[in-house]
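Subject: Structure handover

Hello,

My notes follow below it.

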Amino acid sequence: MAKYNQHLLVCGGTGCRASQSDAIVESLNRALTERGLENEAKVVMTGCFGFCEKGPIVKVLPDNTFYTQVTPADCDEIVAEHIFKGRKVNRLLYTDPENQEHVSDSKHMGFYRKQIRIALRNCGFIDPENIEEYIARDGYAALGKVLLEMTPEQVLDDLIKSGLRGRGGGGFPTGLKWQLTRKVQADQKYVVCNADEGDPGAFMDRSILEGDPHSVLEAMAINGFCTGATKGLIYIRAEYPLAINRLKIALKQAREFGLLGENILGSDFSFDIELRYGAGAFVCGEETALIHSMEGMRGEPTFKPPFPSESGYMGKPTNVNNVETYANIPVIILKGHEWFASIGTEKSKGTKVFALAGKINNVGLIEVPMGTTLREVIYEIGGGIKDGKQFKAVQTGGPSGGCLTAKHLDTPIDYDNLIAAGSMMGSGGMIVMDEDDCMVAIAKFYLEFTVEESCGKCSPCRIGNKRLHEILEKITKGEGTMEDLENLRNLSQVIKDTALCGLGQTSPNPVLSTLDNFWEEYLEHVTEKKCRAGVCKHMLRYVIEPDACVGCTACARNCPVNAISGERKKAHEINQEICIKCGACVEKCKFNAIFVR
Amino acid sequence: MTKIKSLADLRKIKEDLQEKIRLRENADQPEKLVQIKVGMATSGIASGAKEVMNFLIEELEKRNVEAVVTQTGDMGYCYAEPTIEVIVPGKEPVVFGNVTTKKADEIIEKYIKNGELVDGIIPRNYETIDN
Amino acid sequence: MAEIKLPENKLNQLKEVAKSFNNDGGELINVLHKAQEIFGYLPAEVQEVVAKELNVSVAHVYGVVSFYSFFTMTPKGKHPISICLGTACYVRGAEKVLDEFRKLLKIQVGETTPDGKFSLSGLRCVGACGLAPVVTIGEKVYGRVAPDGVKEILAEYKD
Amino acid sequence: MELIKLTIDKRSVEVEKGTTILQAARQIGIDIPTLCYFSLGDMKIENKPGGCRICVVEVEGRRNLAPACATECMAGMVVRTNTIRVLNARRTVLELILSDHPFDCLVCAKSGNCELQDLAHKFGVREIPYKGEQSTYRKDTSPSIIRDVDKCVMCRRCEMMCNDVQSVGALSAVNRGFQSVVAPAFEMNLDKSVCTYCGQCVAVCPTGALTEVDHTRQIIAALADPNKTVVVQTAPAVRAALGEEFGMEPGTLVTGKMVTALREIGFDYVFDTDFAADLTIMEEGTELLGRLGKFLAGDKEVKLPILTSCCPAWVNFFEHNFPELKDVPSTSRSPQQMFGAIAKTYFADKIGVNRKELVVVSVMPCLAKKYECSRDEFKHDNNPDVDFSISTRELAALIKQANIDLVTLPEEDFDNPMGESTGASVIFGTTGGVIEAAVRTAYEVHTGKKLEKVDFEELRGLEGIRHAEVDFDGLKLNIGIAHGLGNARQLLNDVRDGKSEFHAIEIMACPGGCIGGGGQPLHHGNSTILKARQMALYREDAGKPIRKSHENPFIVKLYEEFLGKPMSEKSHHLLHTHYFDKSTKIVVE
């Protein structure tokens with residue numbers, strides 16, 4: 001076996017693969033072989049590094065050099081200069097936006113400085129298709145410890161004391177959930193992993209499955225031991241082919257190593273896991289809907305109780321947790337609940353992974369301790385707002401969450417603070433918006449999503465959200481009335497109060513939070529027919545500035561609906577009744593006399 | 001692959017496998033370990049830097065010294081190639097010139113293990129040689 | 001007595017799939033995934049066969065097919081185009097990109113061009129938010145797509 | 001049994017564990033409004049998807065409102081059913097439902113009998129603040145049932161009936177979100193689906209989304225035509241339920257009043273389907289004994305059990321689902337069709353009217369009968385044996401249109417020769433009745449002895465699947481009874497797999513038999529109504545002077561004058577039928 005002096009880690013997450021990271025691996029290997037360095041440096045495709053904005057990423061070890069936006073064409077240079085001569089390729093290094101200096105070691109980059117990676121501990125570090133690398137990182141040691149040195153009660157006690165709460169959105173204490181399933185007597189129980197991540201703009205679960213699939217398998221087995229289940233099911237989106245493939249490889253390897261199957265590690269505990277595929281329904285993130293979907297039915301939620309812990313898959317007690325929750329568990333077992341509970345805030349322990357996106361410089365996947373402020377996340381990790389624009393809002397919790405404003409920037413992020421601020425943790429999408437985003441339009445965007453994803457079972461969600469969307473549509477078209485604003489609020493509250501499942505109960509949050517935080521914008525839309533962000537097309541007014549207009553008639557000749565009139569050599573005018581806001585006049589005007597208001 | 005049949009087996013296998021990624025583990029926390037940077041510019045390679053580097057990596061491991069050996073570009077001490085910079089945790093970086101495998105052996109035994117000074121230290125003209 | 005006609009080899013493949021899932025109605029969604037792989041889409045005939053093989057009602061099968069956006073009853077184009085409509089892509093202008101595709105291809109979301117070359121669909125977050133807005137055509141992912149770049153992208157699929 | 005205490009609207013109540021808030025509230029007279037919730041409690045039929053959210057209540061300590069229909073009582077629970085928050089939420093939810101509902105109540109078939117209309121009335125809704133897109137779907141008219149799903153409120157009762165109770169599987173919720181609706185596969189027309197027209201979906205639909213095809217106009221037209229002779233036949237179960245439409249107690253028998261009303265409306269002859277039921281017993285009973293005799297003699301060609309065939313929804317069911325068993329059921333036509341065949345031959349000849357000028361109308365508790373009379377095999381020269389089949393509800397509408405007060409009407413007798421019937425034929429209207437009637441006749445024919453005890457209690461009841469052993473003077477007959485097609489399917493699976501040990505099985509598609517038919521006055525989930533109707537039929541049977549079909553003098557005469565004997569060639573021609581394979585076949589291209 002060759003003894004490698006250097007490792008080249010190439011990000012193999014979906015984002016980076018979309019930017020040819022496969023070809024990068026190939027080119028690196030070719031360049032190494034050409035220089036006879038194939039036994040000195042090893043190329044490893046890992047999971048996501050998180051810094052998607054600058055992908056594809058190549059990290060060279062042991063000197064921790066972090067190359068960004070690498071193309072296959074750069075590979076030869078990396079090998080020739082860095083691997084062969086030990087000289088860093090400066091042009092591929094990250095440039096600190098503050099002082100324009102190259103930063104070589106990722107630890108010194110603002111993006112990574114404040115992060116603590118627990119759930120993502122192995123993402124971007126190990127080869128997810130190689131169980132040996134996982135074992136080398138203490139993989140399956142927690143399972144071993146649990147099976148041979150602990151009782152289920154001890155494990156549950158650890159988990160409860162750790163303070164870990166479900167990372168899928170609701171934040172239910174994980175240990176308690178496991179205990180509920182354990183308590184129910186049944187001949188068969190199931191462990192389910194919810195990997196039907198559907199929040200638009202959230203991709204942490206996928207990254208974990210792509211980068212560290214074994215951590216989830218291991219945690220599910222630990223759950224099986226605690227609750228008395230022998231069967232696990234992973235419900236995963238069919239739209240995640242890479243994650244599915246890596247899971248299949250991981251399952252196969254775990255079985256070969258005897259870490260899944262009969263009598264694991266010589267104990268009398270047997271456990272195995274199957275994959276189930278989602279088919280594109282956001283509501284299946286709700287646990288009862290998910291279970292129905294796994295049973296081959298429409299993914300409609302049912303009223304709880306009974307909870308899945310009592311009657312779940314096939315009517316048997318079932319524990320459902322999401323990917324990120326599971327990924328935390330082996331570490332908690334190995335490092336102890338005290339360690340975990342020392343991270344985070346009083347009621348929210350540990351870390352949370354966020355998918356940082358939108359109008360922000362450093363788009364990517366981050367993991368920060370609970371209690372980190374939004375400001376730290378947006379400005380220090382996220383590198384601030386793109387193109388020097390003004391921060392307006394940050395949306396957390398996806399379609400179930402709300403929009404927070406500048407006044408919330410110093411709020412420490414945890415479950416309870418976010419709810420108090422009118423949003424929620426959700427699965428961890430965090431979308432940053434700037435002055436160019438219209439908050440009414442954003443609320444409409446989320447409602448459009450909910451309307452499309454509503455299962456249709458209960459009337460408040462099926463019809464209520466449709467009506468909410470229609471009212472918002474009306475407002476963005478400049479046809480809204482004050483009565484509409486009243487209806488918007490009443491309807492939102494009733495939907496929240498009466499909908500059947502979590503999806504419906506939280507679907508008005510984007511409306512309520514924007515009503516609360518951006519009331520003036522709604523008022524402007526309704527009373528002044530004005531969209532300050534200039535997003536709502538129907539409210540734009542094209543106006544000719546009489547002083548600047550020379551009366552060349554170019555605009556009038558090019559207007560497709562003859563909305564412009566005026567005598568030659570005299571200032572022209574646009575008839576707002578006829579104007580269709582196509583913008584053709586602005587393009588044709590050589591004197592910059594036409595403005596959009 | 002044969003199945004892992006006990007916790008002891010798992011732990012043993014882990015020990016073996018850890019070797020494979022020790023380089024990465026160590027790279028993650030170099031400040032706690034001995035860090036050695038080998039000047040590997042063209043002149044360095046010509047003067048046997050590669051040989052020294054491989055020697056260091058192998059010997060440090062054999063002698064159970066947890067260390068990170070990296071290569072770096074021209075250190076600017078062409079007159080004394082090959083050069084290496086050694087950082088022992090808690091101490092200032094020290095640069096040695098004209099390092100041969102023999103010299104390297106001495107550096108490990110005396111400077112790294114016992115903290116004794118060794119001939120051949122050259123005054124540093126950089127705060128750090130990270131480029 | 002109504003008759004359903006399907007090509008023999010594909011029909012047998014489908015029956016094999018059903019058998020591999022023990023002809024269990026609980027495996028309906030798994031079987032539909034495979035069926036869509038075999039036929040490219042799920043026409044009524046295929047759903048009838050699936051219902052029969054799994055011993056569930058065809059109304060139930062259709063109820064499931066029409067519930068999940070991943071299943072389609074119209075054949076996809078040779079080059080299926082998906083535009084990510086996740087939030088990250090939305091705030092970075094995905095809607096304008098979609099409009100451009102609609103304009104150039106003269107089809108709506110969920111439709112296929114008359115020559116069967118392209119089909120258009122929206123999809124929720126592929127998780128390449130760093131590349132927003134994102135468009136996928138077949139297996140290929142296009143990142144940071146601008147409306148005026150759409151024409152160029154389509155030109156890659158001339159033949 | 002564990003009892004728990006809770007408080008509802010400040011009143012304390014003690015209930016069994018497992019009781020819902022809705023049930024507990026009803027126990028103390030608090031009527032929480034519901035829409036999707038539906039229950040035929042003791043028949044184990046229940047629909048509580050918790051979808052409409054009309055029944056929400058406030059539960060102390062809960063973040064949001066709870067659906068009373070689906071929330072179990074817990075000890076110490078404090079429930080408020082009428083706070084402002086609850087009332088506003090309920091009203092808003094109802095306004096939302098109405099905002100997606102057509103406003104054609106004036107001409108809706110369900111007007112006056114619509115649960116949604118009742119709620120709007122109860123809540124005093126005068127305008128809908130929420131306006132927007134309304135769902136529109138194609139109207140679908142089949143021979144029996146009209147689907148106008150613009151009026152669907154997604155209560156899912158029909159889906160539950162069609163799948164969980166009937167196991168027919170014609171309907172499912174399809175699409176999702178605002179587009180979701182209950183429909184057949186591919187949203188095809190019902191007549192292309194596996195629908196059996198049992199009409200149980202119509203029987204439970206709270207709105208006008210599912211209604212029967214209305215034939216009252218055609219009947220009025222026929223009555224107005226001086227060239228037509230119009231005869232009417234009324235099925236046994238109709239007389240036990242018709243009174244409900246006129247505010248009479250469930251279980252009131254209105255046989256005589258109904259006859260008077262029909263005569264007043266202008267029917268030329270008012271006959272009884274019961275007469276044809278007696279005829280059915282003659283044919284079916286003989287067929288049973290014939291097959292049984294051959295079977296016992298070791299004839300391998302003969303298949304047992306024999307299955308009754310008088311329920312047309314049941315016939316549709318096995319034609320779709322068990323085509324391989326299509327030789328097993330009795331070939332006897334249903335009483336409705338036997339009546340039509342005799343009316344248009346024997347009776348038409350008797351009164352010297354051409355069959356084309358004779359219009360046969362049937363009043364049935366059933367919607368499948370509408371389809372049955374349209375089947376090609378029951379037509380002669382394209383002229384159907386039964387021209388129109390109307391439901392009990394349609395008859396009530398006709399009577400009301402003719403401003404006849406059924407309650408105060410005197411009682412009259414049916415006309416002859418097709419109006420005389422026995423107690424055996426009356427009980428055709430309830431589950432277990434057909435087989436009991438058959439046993440009464442078959443016993444005497446087989447043993448040649450007089451049956452002393454006419455009542456076979458062991459065959460009666462409302463259990464979904466029942467079995468009983470009847471002693472035919474040493475010959476033990478195993479008899480199975482199923483009502484509800486889901487129960488029938490269980491027995492049929494056994495027959496198909498060769499595991500059935502029954503000699504004869506009676507099957508009725510509707511829960512309770514014809515008394516619970518899809519054409520009966522709506523019971524709105526009150527199962528005591530079904531029991532009262534059943535009791536009424538047994539009462540009528542007990543009060544009849546003749547209680548065995550073969551003793552009906554007009555039946556005896558019919559054989560003498562026209563048919564010869566049961567299973568004769570003429571019988572075969574007029575009173576028997578054959579069945580079709582309606583399943584979907586998969587063939588390779």
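Start with strand β5 (residues 56-59) of chain D: two bridges join it to β6(D), and the two run antiparallel. V56(D) faces P67(D) in β6(D). Helices (H or I, at least four residues) and strands (E, at least two) are DSSP runs, numbered from the N terminus. Two strands pair if DSSP finds at least two bridges between them.

This is a predicted model: local features need pLDDT of at least 70, side-chain atom pairs count only at pLDDT 80 or more, and totals for chains, interfaces and linings use all residues. Residues are numbered from 1 along each chain as its sequence is written, while chains are lettered from A and ligands numbered from 1 in the order in which they are written.

Now the whole sheet. It is open, has five strands with mixed pairing, and runs β2-β1-β7-β5-β6 (chain D). Its edge strands, β2 (11-16) and β6 (66-67) of chain D, each pair on one side only. Helix α2 (residues 84-99) of chain D packs on the sheet and touches β5 and β7 (78-80) of chain D. Contact means C-beta atoms, placed from the backbone, within 7 Å. The direction of α2 makes about 155° with that of β5(D). Axes are lines fitted to C-alpha atoms, for helices over the stretch in contact; angles run from 0 to 180 degrees between N-to-C directions.

Next, chains A and C. Here 37 residues of chain A are in contact with 32 residues of chain C. On the chain A side, α1 (14-18), β11 (351-358) and β15 (429-434) each supply at least two residues.

Best wishes

Conventions: Two residues are in contact if their C-beta atoms, placed from the backbone, lie within 7 Å.
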